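The sequence and the structure are shown first, and the description follows.

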Amino acid sequence: MTTTAANSKGRKAPTIFDVAERAGVSHQTVSRVINGDPTVRDHFRSRVTTAVTELGYRPRAAARALAGGRSRALGLVTAGDALYGPSSTAIGFERAARRAGYHVLLSTLPDDPRANDLSNALTTLLAQDVAAVVLVAADNRVLDSLASLTVPVSVPVVVSNAVQRDARRAERLPTVAAVAIDQAAGTRMAMQHLFDRGHRRIVHITGPSVSQEAEVRRATYLDVMAAAGVEPLVLDGDWTPGSGFAAARSLDTAAVDAVFCGNDQMALGVLHAFADDGLRVPDDIAVLGFDDIPEAAHFTPPLTTVRQDFKAMGEQVLATARSLVEGEPLDEILLQPELVVRRSA
């Protein structure tokens, strides 16, 4: 028998049993889906999330702590591999949230996200009564899915590592803000540093095409080279040291005097390739990276790079989420990167 509770206006609020009946599963399965159990089969998860959406089911979160009637839970959606930037941002956000008295509920998207993966993740988090949702993803596939959500989202959403023009496309997100590090400014810093040292034949090894950050760095590099009247050369990479190694091996190094890498891991592969070929860095060719991962200072030679403060990014994401929950309108927040000069350039 289905049990239904009445809300304060006399209407009957759906229960977990109503969701189970609509989805054709047990209430235990509904509970497992709501609590993010990864062992639930995809077709059961899809049926439950659809039923939750159709019924407008909102359980009372077990971990809810009332502060003026507000939930102290925040949702976090991450996408893709455990790359340094997104994972560091997520960790910084979670730690800042915990210090502020919030608890964070995590949902991860597959490496190759489908159109409904984000909708399903948001449905699961909304069912746990979160006050806001943070999306840490600069993957264009995930950002595109913001514009085609199949579920309405009634809480504020903060999109990290993406610019506001992409977040704004989401019609089903009534309150949305973007927090990012200024990729164009970081790229200009890197290129100006190389220009100041007399380099003109500069190659850029870019990240994957699905990355918005890689896209911005590549476009800015091309703009800077065009403004300087210098012929650009872009080689494709995928963030990994192996792709940097392969790109460096494909170069005619006699025609190049500097390599600007889209991240530090690819720069590591470039340094490896040049060392194997007997090239001296920076005497024969300069190498510059992006991110300033902890290991960058210990490369051979230590890597000149653009530092992104992901801890500060995570803290700003939390501050933005709290501001939106309080009703303060925000648009886009851009944090500034920093050039860290070491011996490789």
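## The second largest pocket

Helix α4 gives the most to the lining of the second largest pocket, contributing three residues. The model described here is predicted. Two or more lining residues come from each of the elements α4 and α9.

## Aromatic pairs

A pair of aromatic rings is described by the distance of the centres and the angle of the planes. How many aromatic pairs does the structure hold? There are two aromatic pairs. One of them is formed by Y84 and F310, an edge-to-face pair with 5.6 Å from centre to centre and 85° between the planes. Y84 belongs to helix α4 (residues 84-99) and F310 to helix α12 (residues 310-325), so this pair ties together parts that lie 226 residues apart in sequence. Are the two partners buried or exposed, wholly or in part? Y84 is partly exposed, at a relative accessible area of 26%, whereas F310 is buried, at 4%.

The rings of F260 and F290 have centres 6.3 Å apart and planes at 45°, so this pair is tilted. F260 is located in strand β10 (residues 258-261), while F290 is found in the loop between β11 (286-288) and β12 (305-307); the pair therefore ties together parts 30 residues apart in sequence. Both F260 and F290 are buried.

## Charges over rings

Two arginine residues are described here in relation to aromatic rings. R217 lies over the face of F290, at 4.0 Å from the ring centre. F290 thus has a place in two descriptions, as it is also the partner of F260 in the tilted pair. Elsewhere, the charged end of R72 sits over the ring of Y102, at a distance of 4.0 Å from the centre of that ring.

## A parallel strand pair and its crossover

Strand β8 (residues 202-206) and strand β9 (residues 233-236) run parallel and are joined by four bridges. Which residue of β9 does H204 stand opposite? H204 stands opposite V234.

Together with helix α9 (residues 212-227), strands β8 and β9 make a right-handed β-α-β unit. Helix α9 is also one of the elements that give two or more residues to the lining of the second largest pocket.

## Enclosed cavities

The structure also holds two cavities of 30 Å³ or more. About 40 Å³ of space lies in the largest cavity. Which residues line the largest cavity? The lining is made up of V77, L118, L122, V133, L135, L146 and V157. The elements giving two or more residues to this lining are α5 (117-126) and β5 (132-136).

Where is S344 placed? S344 is in the segment after β14 (338-340). With a relative accessibility of 0%, S344 counts as buried. The C-alpha atoms of S344 and P302 are separated by 6.0 Å, and these two residues are 42 residues apart along the chain.

How values were computed: Residues are numbered from 1 along each chain as its sequence is written. This is a predicted model: local features need pLDDT of at least 70, side-chain atom pairs count only at pLDDT 80 or more; totals for chains, interfaces and linings use all residues. Side-chain values use heavy atoms; hydrogens and water are left out. Rings of Phe, Tyr and Trp (its six-membered ring) pair if their centres lie within 6.5 Å; planes under 30 degrees apart count as stacked, over 60 as edge-to-face and the rest as tilted. Buried means under 20% relative accessible area, exposed over 50%, partly exposed in between (1.4 Å probe, protein chains only). A charge sits over a ring if NZ of Lys or CZ of Arg is within 6 Å of the ring centre and within 35 degrees of the ring normal. Two strands pair if DSSP finds at least two bridges between them. A crossover is right-handed if, with the strands pointing away from the viewer, the path from the first strand over the helix to the second runs clockwise. On a 1 Å grid over the protein atoms alone, a cavity is a set of points where a 1.4 Å probe fits but cannot get out, and a pocket is an open set with protein on both sides within 12 Å along at least five of seven lines; lining residues have an atom within 4 Å of a point. Grid points are joined across faces, edges and corners, and a volume is the space filled by probe spheres set on the points.
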